[in-house]
Amino acid sequence: MCGIVGVVSHQPVNQMLYDALLLLQHRGQDAAGIATNHSSMFAMHKANGLVRDVFRTRNMRTLQGNSGIGHCRYPTAGSSSEEEAQPFYVNAPFGITLAHNGNLTNWEQLKKEMFENDRRHINTDSDSEVLLNVLAHEIEKATVGISIDAETIFNAVTVLHRRVRGGYAAVAQIAGVGLLAFRDPFGIRPLCLGINEGPDGVEYLIASESVALEGMGFRFVRDIAPGEAVFIDNDKKLHARQCADNPSLNPCVFEFVYLARPDSVIDGASVYATRLKMGEYLAEKIKRELKDMKIDVVMPIPDSSRPAAIQLALALNVEYREGFIKNRYIGRTFIMPGQAARKKSVRQKLNAIPAEFKDKVVLLVDDSIVRGTTSREIVQMARDSGATKVIFASAAPPVIYPNVYGIDMPTRDELIAHGRTVEEVCREITADALVYQDIDALKRAISDVNPALTSFEASCFDGVYVTGDVTREYLDKLEYERHHPTKAAAPEDAGRSQLNLNLAASEA
């Protein structure tokens, strides 16, 4: 879920990178970093915190150069330590910095290979550092002599794609050589390219979402294709090549549900338009399941559910009202580590307007229900404000499986819908009724906006892991390590519980 950006310009890029990271701040609030390249030298500053807090004037002055990369972190693999803030740096070959969005499913195996076979030392538990070292090793192997060109880099990325599994989009700088960006062969995590044609020539910006391009005055050119690598050399010449053997496009549906900004376009589909469609399909289901229940008012849980709620209210011919006001200076509760921190922050984050609830049957619309803590608190807030009944609707299906491609949903017991019926979840969040979106309707909502999108990464809803390497044993081990962070590895008999997973993709 992290935000990444890379810029190649004719002028200093420190301010451009900072501004672009502000536009991507919603993708991660844990840490931020910028690395710039001036001649053959790197300058880098990174720390825990929001972009606005990490960078001061004195830091910005040190970030010299006309090309650079930036990152805002949302922690998944590894910890929240400052040492794992990105970008990461290795000094050989040539000197490389890298920023990564996503999660590698085979990073532990790769880390072992790095030490035993490639003689490379990994200093953190971040899979991003592993990805950087795989890239550096393959560039070193592909390089003849001391010169490096696009052909060499693309050959290295080709081997990287064969070694690395999972969801990943990355931007990297090679000191004095150029800027590289690449996307995983399954196209799980988003990445797009923009240009700005100014009086001094063409500038390039590569970012996780199109909103970062448009907000910086760059023209959106295209999404980077699954498995594709793009390299911009020191002469500002752009090179692109497909580097994967069998690429396929499977964008993460949770980007459309929650992660991305509504004003972004991902793989040709407007996020805002897909959320409107989610509202339409959810309204159809509510008409079927709650046809005898009178609804007085529809309210969104701000902010990401607002488009779906607006369209749902229109389809139901029910009044739409804003009953909750959001404090925009509180972090997103989904990202906050720890159940207690999430619960406490809900009432700091949202404040109800009692007059909008009093003596009404209220339909609350949220983008999704993950752990259920926020939903339960919000239902209680609606009751405390005078609602006679509280119906809860989710624009996404039940989240019942772990996500392993860059979203912090790794264990079953953290997911309120895992092992529970809809009626049981309804009781858990204390609502009078609960309606979930159907998985087919969710996928159709995206395909309606861009018919070229026919396959998706939706593992947290349907249990299908498109990379084909996620097994029951892998998920059990992930869960064990989540609950026993001080243990190096799970024992052979740890948590061999049966997961009712649809592993057709991995067992095919």
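Let's start with a charge and a ring. Lysine 46 lies over the face of phenylalanine 88, and the distance to the ring centre is 4.7 Å. There is another such case. Arginine 444 lies over the face of tyrosine 281, at 4.5 Å from the ring centre. Keep in mind that this is a predicted model.

Now rings with rings. How many aromatic pairs does a search of the whole structure find? Seven. Here is one of them. The ring centres of phenylalanine 324 and phenylalanine 357 are 5.1 Å apart, and the planes stand at 65°. Edge-to-face means over 60 degrees, so this pair is edge-to-face. Where do the two residues sit? Phenylalanine 324 is in strand E18, residues 324–326. Phenylalanine 357 is in helix H12, residues 354–357. The pair therefore ties together parts that are 33 residues apart in sequence. Phenylalanine 324 and phenylalanine 357 are both buried. Elsewhere, ring pairs link up into a cluster: Phe254, Tyr258 and Phe461.

Next, strand E4, residues 67–73. Is E4 enclosed or open? Seven of its seven residues are buried, so E4 is largely enclosed by the rest of the structure. Look at the two sides. Ser67, Ile69, His71 and Arg73 point one way. Gly68, Gly70 and Cys72 point the other way. Every one of these is buried.

Which strands pair with E4? E1 does, in the antiparallel sense, over six bridges. Strand E2, residues 31–38, also runs antiparallel to E4, and seven bridges join them. Take glycine 68 in E4 as a landmark. Valine 7 stands opposite glycine 68.

Last stop, cysteine 2. UniProt, in an unreviewed entry, places the feature "active site" at Cys2. That comes from the record, and such annotations may be inferred rather than shown by experiment. Where is cysteine 2 in the chain? It is found in the segment before strand E1, which covers 3–8. Is cysteine 2 buried or exposed? Its relative accessibility is 6%, and the cut-off for buried is under 20%, so cysteine 2 counts as buried.

What is cysteine 2 in contact with, leaving aside its neighbours within four places in sequence? The list is Arg27, His71, Cys72, Arg73, Tyr74, His100, Asn101 and Ser208. That brings us back to E4. His71 and Arg73 point one way from that strand, and Cys72 the other way. Cysteine 2 is in contact with each of these three.

Technical notes
Residues numbered from 1 in each chain as written. Predicted model: local features only at pLDDT ≥ 70, side-chain atom pairs only at ≥ 80, totals over all residues. Heavy atoms only, no water. Helix = DSSP H or I, 4+ residues; strand = E, 2+ residues; numbered from the N terminus. Buried < 20%, exposed > 50% of the residue type's maximum accessible area, 1.4 Å probe, protein only. Contact = heavy atoms within 4.5 Å. Phe/Tyr/Trp six-rings, centres within 6.5 Å; stacked < 30°, edge-to-face > 60°. Lys NZ or Arg CZ within 6 Å of the ring centre and 35° of its normal. Pairing = 2+ DSSP bridges.
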